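Please read these notes beside the model. They are set out as numbered points for someone who has not seen it before.

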Amino acid sequence: MSHGNRFLFRNGVVLPAADTPSVAAFLEAHPGAYTTTRTHNNGTELLFWERHLDRLSNSFKLLLNHNPKLLSKTPNFELSNRAMTWDAAIRSLVDDSMRKAMPFVVNGRRFGEEMAITALLSGNSENLDLSEGGFDEEKTSEGLDLYLHVGRYVLPVFGLDENAARLAVVGHGRDFANAKYSDWVRLRKPLEKLRPPSVTELLLSNDGERILEGCLTNFFVVCRKEKDQDSNTFGQNELPNLRSIEIQTAPLSDGVLPGVIRQVIIDTCLKIGIPFREVAPSWSKRELWIEAFITTDSLRILQHVETIQAPNEWNSFVSNTWEEITWRERERER
């Protein structure tokens with residue numbers, strides 16, 4: 001019925017078990033806009049599902065207007081980009097697929113088991129009949145395929161040192177960062193030669209100074225405000241007050257993914273009065289950092305960072321492997 005507790009659906013129809021790859025292999029094989037979330041509360045709810053639907057729709061529209069080749073294997077893929085109700089059409093397609101797929105998945109799930117769900121929207125204009133009268137907006141969804149990749153997910157225990165993130169700054173920011181698209185799985189592969197063995201996530205920067213995001217995550221730091229650097233010192237067990245610190249993460253205008261949990265963090269800070277600033281954390285000012293964490297799209301949600309390392313010379317990674325790079329490291333304060 002499934003391959004290693006994995007399921008793959010296309011437009012609500014389950015595909016043969018032998019055709020169910022890992023989620024990474026699935027994304028590499030299928031172009032399109034996508035989003036990933038998981039169930040919670042014993043598989044009865046989808047985490048931040050409305051936000052994920054909005055991001056899926058926004059990613060699709062951005063790619064359709066600016067780089068449609070990232071949406072489809074079909075040569076010269078094209079759909080109307082006239083003002084229309086794309087959000088409603090995509091929501092209808094996703095909702096219909098989820099209604100058909102989720103009962104199938106729930107029946108094969110153990111009690112207490114949660115599932116990771118990736119929804120990918122791919123263009124397939126070969127399904128459209130344009131022979132009579134051209135494009136029909138009412139049939140827009142016929143030019144789209146909605147894939148659902150579902151697999152078992154075990155949530156790691158938060159706060160344990162062995163579950164902390166270990167990061168390395170290795171590569172430049174990506175194109176079309178405001179959209180989440182599957183081709184990024186292939187495009188980021190060359191960065192893997194630069195991953196030191198202990199590193200769990202790779203960070204991106206265009207200059208080695210301003211840190212943008214991770215390959216799979218958004219990056220945040222909790223840091224002392226610069227004006228308080230000399231006037232505030234803290235003992236080992238003493239926390240700084242809110243007036244002397246701020247949370248920082250790179251703004252979308254710098255070219256970072258508008259992650260679902262990234263926005264949840266921003267909304268929460270603004271709601272409860274935690275100082276927050278959208279500015280790329282500066283590696284040269286890392287001594288001001290008290291803490292760092294990364295966020296993922298509703299899987300691990302938030303993960304604290306144990307270490308961050310970066311090349312001594314920013315251009316040294318261009319043609320080298322990680323062994324040939326001299327690294328500087330910043331460890332978490334304790």
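The points below take up the sheet, the helices and the salt bridges in turn.

1. Basis. The model is predicted, so local features need pLDDT of at least 70 and side-chain atom pairs count only at pLDDT 80 or more, while totals for chains, interfaces and linings use all residues. Numbering starts from 1 along each chain as its sequence is written, and side-chain values use heavy atoms, with hydrogens and water left out. Helices (H or I, at least four residues) and strands (E, at least two) are DSSP runs, numbered from the N terminus.

2. The sheet. An open sheet is formed by six strands in the order β2-β1-β6-β5-β3-β4, with antiparallel pairing. Its edge strands are β2 (13–14) and β4 (45–46), each of which pairs on one side only. Two strands pair if DSSP finds at least two bridges between them.

3. Strand β6 and its neighbours. Strand β1 (residues 6–10) is joined to strand β6 (residues 144–153) by five bridges, and the two run antiparallel. Within this pairing, Arg 6 stands opposite Gly 151, and the bridge partner of Arg 10 is Tyr 147. β5 also pairs with β6 in the antiparallel sense, over ten bridges; there, Ser 122 stands opposite Asp 145. Nine of the ten residues of β6 are buried, so the strand is largely enclosed by the rest of the structure. Buried means under 20% relative accessible area, exposed over 50%, and partly exposed in between (1.4 Å probe, protein chains only).

4. Helices on the sheet. Helix α2 (residues 49–66) lies across β3 (33–40), β4, β5 (114–123) and β6, and runs at about 170° to β3. Helix α3 (residues 86–107) packs on the sheet, where it touches β1, β2, β4, β5 and β6; its direction makes about 40° with that of β6. Contact means heavy atoms within 4.5 Å. Axes are lines fitted to C-alpha atoms, for helices over the stretch in contact, and angles run from 0 to 180 degrees between N-to-C directions.

5. Helix α3 in detail. The 22 residues of α3 should span 32 Å at 1.5 Å a residue, and its end C-alpha atoms are 32 Å apart, which agrees. The expected span is 1.5 Å times one less than the number of residues. α3 bends by about 30° at Ala 101, and Pro 103 follows within four residues. The bend at a residue is the angle between axes fitted to the seven residues ending there and the seven starting there. Among the buried residues of α3 are Trp 86, Ile 90, Leu 93 and Met 98. The cover over the buried residues of α3 includes β1, β4, α2, β5 and β6.

6. Helix α5. This helix (residues 260–272) has 13 residues and reaches 19 Å from its first C-alpha to its last, close to the 18 Å expected. Its buried residues include Val 260, Arg 262, Ile 265 and Cys 269. The buried residues of α5 pack against α2, β10 (218–224), β11 (245–249), β12 (276–278), β13 (289–295) and β14 (302–311). After α5 comes Gly 273, with a positive phi near 85°.

7. Salt bridges. How many salt bridges are there? The count comes to 19, where a salt bridge is a side-chain nitrogen of Lys or Arg within 4 Å of a carboxyl oxygen of Asp or Glu. One of them joins Asp 96 and Lys 100 (3.1 Å, N to O). The two are four residues apart in helix α3 and so are separated by about one helical turn. Asp 96 is partly exposed at 28% relative accessibility, and Lys 100 is partly exposed at 46%.

8. Asp 297 and Lys 180 meet in a salt bridge (3.4 Å, N to O). Asp 297 lies in the loop between β13 and β14 and Lys 180 in the loop between β7 (165–171) and α4 (184–187), so the pair ties together parts that are 117 residues apart in sequence. Both residues are buried. In another salt bridge, the closest N and O atoms of Glu 226 and Lys 285 are 3.0 Å apart. Glu 226 is in the loop between β10 and β11 and Lys 285 in the loop between β12 and β13, 59 residues apart. Salt bridges that share partners join Arg 55, Lys 180 and Asp 297 into one network.
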